[in-house]
Amino acid sequence: MKIAVCSEGNDLAAKVDNRFGRTSFFLVIDTDSLDFEVISNTENQNGAHGSGIGAVELIAGLGAEAVLAPELGPAAAGALRIASIPAYAAGGLTVADAVSAFKRGELTRLDA
Amino acid sequence: MKPLKLAVASGKGGTGKTLVATNLAVAVSRLNKTVVLVDCDVEAPNDHLFFDFDANTEVVEVPIPEGPTGECPRGCTLCRDACRFGAIRILNGKPVVFPDLCHNCGACVQACTSGLLLEVPIRVGETRSGSTNEGFALVMGELDVGKMKAPTVIDATRSRAGLEQAEVMILDAPPGAACSAVATLHVVDFLLLVTESTVFGLHDLELMVELGRGLGLPMGVIVNRDGSGSVDIAAYCYREGIPIVGRLPFDRRIAALYAKGELIVNSHPEGGEWFSELWNSLESRIRDAMPRRSAV
Amino acid sequence: MKTLVVASGKGGAGKTTISALFAIFASQDSSVVVVDCDVEASNLPLALGAEITSRELFGGGEKAEVDVSLCAGCGDCLANCRFDAIAITASGSASVDPWRCEGCGVCATVCPFGAIKMEPQRAGHLYVGRSVTGPIVFGRLDPGHDLSGKLVSTARERAETLAKDTHADFILVDGPPGIGCPVIASITGAHGILAVTEPTLSGEHDLLRLIELSRQMRIPIKVALNKSDLSSFGADRIRETCQREGLELIGEIPFDEGLASEMSRLAEGGELVLDMTGVSGLSTIRSLWDRVGTWISEWEESPARTLG
């Protein structure tokens with residue numbers, strides 16, 4: 001499946017960023033092949049109000065079916081619910097480790 | 001005839017805006033002028049606590065977009081692109097509105113070429129208007145808890161107050177110097193700034209003077225709790241060319257009366273005199289500062 | 001990061017005094033990042049004698065500006081402006097009142113001559129500094145601008161980052177008065193609110209509104225009664241209110257003139273002397289801090305409880 005991961009850097013060795021709405025990048029990853037796309041999040045990083053909502057719009061538009069994030073503010077959580085995209089807690093891990101943990105079902109839901 | 005509009009404001013909360021506004025309204029009313037007291041501190045209105053007040057309530061609403069009323073054209077983002085506030089986004093191919101971010105401007109509805117968005121009113125607060133037991137009108141606004149449209153409620157409050165045929169309008173402003181203060185102070189005839197002689201009072205007075213200058217308002221200062229701090233407000237005012245129009249002493253009796261919701265002009269031996277003197281000090285300054293206008 | 005907000009519906013109840021002293025006491029045995037979210041009239045950095053280490057421009061929204069050389073005075077802009085921000089001047093051109101302009105861009109869109117442009121505004125600054133208590137973050141909104149909510153959010157986000165980088169134990173937020181967007185932005189995602197009130201009708205009225213807001217946002221709230229001996233009638237009403245609402249009245253602080261002048265002295269650059277026996281307010285607030293500190297230690301860091 002296709003998932004989005006908040007990332008500090010532009011490859012799988014990077015750490016999961018410690019923000020959702022203002023994360024530096026989203027890596028959109030195919031969990032089977034581990035092919036990925038790097039999406040820069042500058043518009044939301046620099047933007048006005050609603051960076052969390054903007055980030056949800058961004059990953060929803062890319063077809064992400066789930067997101068791995070450090071934590072979520074209430075606005076982002078609400079928008080994810082509307083977009084039907086579940087979020088999982090992955091703070092402190094590298095992107096690669098987070099994806100592995102997600103595939104093993106070890107990550108907890110963030111927005112339950 | 002348009003009323004003379006006096007706004008009572010302060011950068012810092014708790015300096016005595018409401019104390020001054022309520023008591024001044026009574027004092028002016030007793031000089032046989034028709035007065036309307038306007039409580040623009042819509043997040044935490046307090047003026048009505050000092051009076052018996054038979055109020056007539058009106059709801060304040062703002063338009064919020066709703067829809068789509070049909071199928072959106074695939075890939076269309078016209079509404080989202082028209083919004084400068086990020087308040088309408090496309091999720092799962094449909095527009096989703098985030099009401100807290102919405103500025104109620106209608107840009108998205110205008111931009112939709114498919115006619116699929118409409119606007120519905122939602123409630124953000126209310127205004128209340130009526131007579132007080134002191135014989136003058138009180139108009140107040142109250143923002144609903146959790147809503148963020150304070151300036152909208154303030155505009156509605158001021159409009160409603162404008163319907164009163166009063167000679168003098170006294171506006172009790174919210175604390176601060178941002179959009180709520182601007183909505184209250186915009187186009188008034190005189191700005192009375194309440195301060196205290198502490199470092200914090202002076203610091204926040206400077207912010208308000210900057211705002212007052214930006215708005216082009218004639219200003220005067222009243223020092224409350226005079227004697228309680230060591231900062232020389234008079235020196236600052238002199239340097240800035242702003243008159244000190246009155247002083248209220250630091251007096252625990254004043255604080256105790258205020259705490260119980262009592263008017264100083266009624267319950268303190270010197271109250272009536274303080275506030276009629278304040279009005280005398282203000283009235284000529286305000287009239288001098290006002291441009292000529294035609295009688296209606 | 002654990003976050004305590006000191007808030008008050010009513011201005012002048014003593015938030016900043018209490019926040020300043022809490023920060024001072026807390027910094028004696030833990031690491032705290034302080035944020036002053038009263039961006040319209042920021043006083044905490046003054047109280048703590050903060051030295052500024054960085055200052056960033058904070059961008060506001062946009063305002064419409066008319067290019068009179070292109071304007072034909074047709075009035076379409078005025079007809080479409082919902083905010084009474086446009087007038088046709090004596091010279092026949094449209095003019096935008098920046099104090100009323102909402103920045104929505106409708107006028108720019110409808111103008112048949114392309115005479116209106118949206119120009120970005122500077123609205124204030126975000127400051128980071130150091131005080132006797134450690135790092136402090138505060139915003140200062142240019143008078144007359146809006147987006148105080150956004151500046152507050154920005155200040156809080158910066159504080160979160162600082163707190164993580166410095167491994168702080170918690171974040172202390174001095175909130176703005178009222179219950180509007182800057183207050184909402186200052187309490188979003190916080191673990192607890194200490195509502196500071198005073199024994200007056202106004203204090204009680206505004207406390208009730210703050211309590212309602214805290215319930216809407218599902219943030220635990222406790223109450224502290226400041227200047228408690230100002231009015232026994234008022235104090236009883238506050239105690240009754242807390243009981244009725246099922247909330248803990250965690251402290252009562254009698255009015256202390258010595259304390260007020262100590263705060264002024266601190267703000268004017270005086271040295272902090274903590275064991276002043278003459279200032280009874282200090283030891284009362286110290287006891288209050290001990291109880292609040294215990295409350296903070298009971299909080300759990302939970303992943304969904306911070307800014308996104």
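This report describes the chains of a predicted model, the contacts between them and some local backbone features.

## Basis

The model is predicted: local features need pLDDT of at least 70, side-chain atom pairs count only at pLDDT 80 or more, and totals for chains, interfaces and linings use all residues. Residues are numbered from 1 along each chain as its sequence is written, chains are lettered from A and ligands numbered from 1 in the order in which they are written, and side-chain values use heavy atoms, with hydrogens and water left out.

## Chains B and C

Chain B has ten helices and eleven strands. Chain C also comes to ten helices and eleven strands. Helices (H or I, at least four residues) and strands (E, at least two) are DSSP runs, numbered from the N terminus. Along the principal axes, the C-alpha atoms of chain B fill a box of roughly 75 × 45 × 40 Å. For chain C the box is roughly 70 × 45 × 40 Å.

Of the 296 residues in chain B, 59% are buried. In chain C, the buried share is 58% of 308 residues. Buried means under 20% relative accessible area, exposed over 50%, and partly exposed in between (1.4 Å probe, protein chains only). Contact means heavy atoms within 4.5 Å. Among chain B contacts between residues at least 6 apart in sequence, 74% join residues at least 24 apart. In chain C, residues 24 or more positions apart account for 78% of the contacts with a separation of 6 or more.

## The C–B interface

Chain C contributes 56 residues to this contact, and chain B contributes 57 residues. The buried area is about 4700 Å², with 59% from carbon and sulfur atoms. Buried area is the accessible area (1.4 Å probe) that two parts lose on being put together, summed over both.

Five salt bridges link chain C and chain B. A salt bridge is a side-chain nitrogen of Lys or Arg within 4 Å of a carboxyl oxygen of Asp or Glu. C:Arg209 forms a salt bridge with B:Glu142, with the closest N and O atoms 3.7 Å apart. Several elements of chain C each supply at least two residues to its side of the contact, including strand S7 (134-141) and helix H9 (257-267). H7(C) gives the most, with eight residues. By class, this side divides into 23 nonpolar, 18 polar and 15 charged residues. Ala, Val, Leu, Ile, Met, Phe, Trp, Tyr, Cys and Pro count as nonpolar, Asp, Glu, Lys and Arg as charged, and the others, Gly among them, as polar.

## Strand S7 of chain B

Strand S7 (residues 137-143) of chain B is largely enclosed by the rest of the structure, because seven of its seven residues are buried. In a regular strand the side chains alternate between the two faces of the sheet. Both faces of S7(B) are covered. B:Ala137, B:Val139, B:Gly141 and B:Leu143 are buried on one side, and B:Leu138, B:Met140 and B:Glu142 on the other.

S7(B) pairs in the parallel sense with strand S2 (residues 35-39) over four bridges. Two strands pair if DSSP finds at least two bridges between them. Strand S6 (residues 118-132) of chain B runs antiparallel to S7(B), joined by seven bridges. B:Ala137 stands opposite B:Val36 and opposite B:Ser131. S6(B) and S7(B) form a hairpin with four residues between them. In the turn, B:Gly135 has a positive phi of about 95 degrees.

## The A–B interface

Twelve residues of chain A touch eight residues of chain B. The buried area is about 900 Å², with 60% from carbon and sulfur atoms. The count is two salt bridges. A:Glu57 and B:Arg80 meet in a salt bridge at 2.7 Å, N to O. Helix H2 (51-61) and helix H3 (74-82) of chain A each supply at least two residues to the side that touches chain B. H2(A) gives the most, with five residues.

## Local backbone features

A cis peptide bond joins B:Gly67 and B:Pro68, with omega about 5 degrees. B:Pro68 lies in the loop between strand S3 (53-66) and helix H2 (78-82) of chain B.

A:Ser84 has a positive phi near 55 degrees and is not a glycine. At 56% relative accessibility, A:Ser84 counts as exposed. B:Arg225 has a positive phi of about 50 degrees although it is not a glycine. B:Arg225 sits in strand S10 (residues 219-226) of chain B. At 26% relative accessibility, B:Arg225 counts as partly exposed.
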